[in-house]
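Student: I have a protein model open and want to learn to read it. Can we go through it feature by feature?

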Amino acid sequence: MATWTSALARFGRRVADIVAECNYAQRRMLALRTSPDRYGADANKAPDTYAEFLFRASDAPLHEPAASGRAHGRPVG
């Protein structure tokens, strides 16, 4: 009975890891697609003014997890 329980727990952790990775990828793609740099004519060029820099960096930053959350290869975000 204990082997079934541990196997079910491992399967549940794998499913949770897959869902967490898909959630991270979805949030990252949304941030990339809505970035002002993507649609500008000079997207690869550095901003000329501080106001332009602030506009380009206007998207919400991704949450930085605690040190314990960064362990074990978990993605940042």
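Tutor: Start with confidence: pLDDT is the predictor's confidence in each residue, from 0 to 100. This is a predicted model, where local features need pLDDT of at least 70 and side-chain atom pairs count only at pLDDT 80 or more, while totals for chains, interfaces and linings use all residues. Residues are numbered from 1 along each chain as its sequence is written, and side-chain values use heavy atoms, leaving out hydrogens and water.

Student: Where is confidence lowest, and where is it highest?

Tutor: H3 has the lowest confidence, with a mean of 68, and H1 the highest, at 90. For the protein, the mean pLDDT is 79, and 74% of residues reach 70 or more.

Student: How many helices and strands are there?

Tutor: Helices (H or I, at least four residues) and strands (E, at least two) are DSSP runs, numbered from the N terminus. Here there are 3 helices and 0 strands. The order from the N terminus is α-α-α.

Student: How much of the protein counts as buried?

Tutor: Buried means under 20% relative accessible area, exposed over 50%, and partly exposed in between (1.4 Å probe, protein chains only). Of the 77 residues, 6% count as buried. Take Ala57, in the loop between helix H2 (50–56) and helix H3 (67–70). Ala57 counts as partly exposed because its relative accessibility is 43%.

Student: How far apart are Ala57 and Asp37 in sequence and in space?

Tutor: They are 20 residues apart in sequence, and 8.8 Å apart in space, C-alpha to C-alpha.

Student: What about charged pairs?

Tutor: Side chains of opposite charge can pair when their charged atoms come close. A salt bridge is a side-chain nitrogen of Lys or Arg within 4 Å of a carboxyl oxygen of Asp or Glu. This structure holds 1 salt bridge.

Student: Which residue pairs with Asp48?

Tutor: Lys45 does; the closest N and O atoms are 3.5 Å apart. Asp48 is exposed, at 59% relative accessibility. Lys45 is partly exposed, at 41%.

Student: Is Val19 buried or exposed?

Tutor: Exposed, because its relative accessibility is 52%. Val19 lies in helix H1 (residues 2–33).
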